[in-house]
Each structure stands twice: as structure tokens, then as C-alpha cells.
Amino acid sequence: TVIYAGRQPGPLRRLTAAARGQVARHYLALEPLGRRLRFNAEIIDEAIRKHVAALDFDRDLILGAEGEEGQLVAVVHLARISDTEVEFSISVLEPWRGQGHGQKLTHLGLAAAARHGFQLAHVQFMSQNQRMGAIMNHFDSTRGQAGTEHFVQVPLPASLARPFQAPIGPFAAQLRLLESEP
């Protein structure tokens, strides 16, 4: 059973170079922690602008989900490594987090990669990114770690090792509950 709380973003759709400005606004709207978790580093506005200017919308799969006002509330970037492998990354704006959207959009993004012929997705994230760790725990995958960096390889099409059940309410509160259980 999959439970998604609250409002729902629009469908995940492939973005073209015409959406470059929307992608830039999305990344620039990430708060400092959101930027660090998405880019695995502190990143300033100018670095985001350079990153977005260099995106290749034809080579990579760049997907977005819009909110009620038409702004991108989530961006999934599947960067082509080879004809069979992609690197997966996702960002969700803060007001949309903690409602299961990251789980749903990760699943949809990996499914899109498989439909485009990719066979393996690489996901890299910092230990601090507990949300991505929790999402990746649902997938059959191979995992590694070097220092504070986690490396996950998800064979595509992705299969769930256990079903998603998004907690309703703030993610941090749910973590505290889980940590206190015996």
C-alpha cells in the first residue's frame, strides 16, 4: 500500500531546454540544506546558474513535477553515464517534503529510465541525507559507502524490496519515533 499525504504535484513529465528557466528557479528556491542534500555540497546561486546552463536536455532525462501555480516543485535528473547507465538525483521543494512525494517521484523517475532503455541507476548521497537513504532502502539494490558518501546501484526496472508507506507529517518527527523503538 502506498499512502501519499496532502496535496499532490502534477504528473512527472520530461522537460526540454525550454524549461531551463523553470529548472533554475527550482534549484535557486532550495534552501541551504536542500541545496547541500541535492548537490552534495554547499552551492551558491552562481554555481546553480552555471549548472543549469550546462544541462543537456537531449542527452539526459530531466523530469519535473509542477505545483498548483505551475512552478516546479520537484526535479528528477537522470544523467546519462552510458547507453545503459544513469546517475539519479532528485530535489523536492521544502513545503512539499515529508508527504511521500520523494518516494513516488523516485519510483516514477527510475521507471522512466527503464522505459528509455537504461539498465542501472547510480544514486550517490551524503549520510546526512536520511530521506534519500530511507527511499533507497525500499529498492532492491547494491550499496557501498566511502566516508560520509553512500553509493547505491539500482538495477532497472527497479523493484521494491518492500512497499512504500509514506509517513504522514514531518519526516524528522517520524525518525525520532523510529529511533526510540526497541
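## Surroundings of Glu66

In this predicted model, Glu66 makes contacts, beyond its neighbours within four places in sequence, with Pro9, Gly10, Arg13, Gln22, Gln71, Leu72 and Val73. Glu66 belongs to strand β2, and because its relative accessibility is 25%, it counts as partly exposed.

Of its 182 residues, 42% count as buried. Among the contacts in the chain with a separation of 6 or more, 63% are accounted for by residues 24 or more positions apart.

## The largest nonpolar core

In soluble globular proteins, nonpolar side chains tend to be buried together. The largest nonpolar core here has 44 residues, and the members that touch the most other members are Val23, Tyr27, Leu78, Phe88, Met136 and Val154. Strand β3 (residues 72-80) gives the most to this core, contributing 6 residues.

Val23, one of those core members, is in contact with Leu15, Val52, Leu55, Phe57 and Leu72 when its neighbours within four places in sequence are left aside. Val23 is also among the buried residues of α1, together with Gln22, Ala24, His26 and Tyr27. The buried residues of α1 pack against β1 (13-14), α2 (32-39), α3, β2 (61-66), β3 and β4 (85-92).

## Packing of α1 on α3

Two packed helices are described by the angle between their axes and the distance between the axes. For helix α1 (residues 20-29) and helix α3 (residues 45-54), the axes come within 10 Å and cross at roughly 150 degrees, and α1 and α3 are therefore roughly antiparallel to each other. Their crossing is right-handed.

On the α1 side the contact is made by Arg20, Val23, Ala24, Tyr27 and Leu28, which meet Asp45, Ile48, Arg49, His51, Val52, Ala53 and Ala54 in α3. Sorted by class, the contact of α1 with α3 comprises 8 nonpolar, 1 polar and 3 charged residues.

## Packing of α2 on α3

Helix α2 packs with α3 at an angle of about 40 degrees, and the axes of the two helices are 13 Å apart; that angle makes α2 oblique to α3. The crossing in which α2 passes α3 is left-handed. Arg35, Arg38 and Phe39 of α2 make the contact with Asp45, Ile48 and His51 of α3, and the residues of this contact divide into 2 nonpolar, 1 polar and 3 charged.

Within α2, the buried residues are Gly34, Arg35, Leu37, Arg38 and Phe39. The elements that cover them include α1, α3, β3, β4 and β5 (120-126).

## Backbone exceptions

Most residues other than glycine have a negative phi, and most peptide bonds are trans. Asn40 has a positive phi near 60 degrees, and Asn40 is a residue other than glycine. Asn40 follows α2 and is found in the loop between α2 and α3; because its relative accessibility is 23%, Asn40 counts as partly exposed.

A cis peptide bond, with omega at about 0 degrees, joins Leu156 and Pro157. Pro157 has its place in the loop between β7 (149-155) and α6 (171-180).

Note on methods
Residues are numbered from 1 along each chain as its sequence is written. This is a predicted model: local features need pLDDT of at least 70, side-chain atom pairs count only at pLDDT 80 or more; totals for chains, interfaces and linings use all residues. Side-chain values use heavy atoms; hydrogens and water are left out. A nonpolar core is a set of buried Ala, Val, Leu, Ile, Met, Phe, Trp, Tyr and Cys residues joined through side-chain atoms within 4.5 Å. Buried means under 20% relative accessible area, exposed over 50%, partly exposed in between (1.4 Å probe, protein chains only). Helices (H or I, at least four residues) and strands (E, at least two) are DSSP runs, numbered from the N terminus. Contact means heavy atoms within 4.5 Å. Axes are lines fitted to C-alpha atoms, for helices over the stretch in contact, and angles run from 0 to 180 degrees between N-to-C directions. Angles under 35 degrees count as roughly parallel, over 145 as roughly antiparallel, 65 to 115 as roughly perpendicular and the rest as oblique. A crossing is left-handed if the near helix is turned anticlockwise from the far one by less than a right angle, and right-handed if clockwise. Ala, Val, Leu, Ile, Met, Phe, Trp, Tyr, Cys and Pro count as nonpolar, Asp, Glu, Lys and Arg as charged, and the others, Gly among them, as polar.
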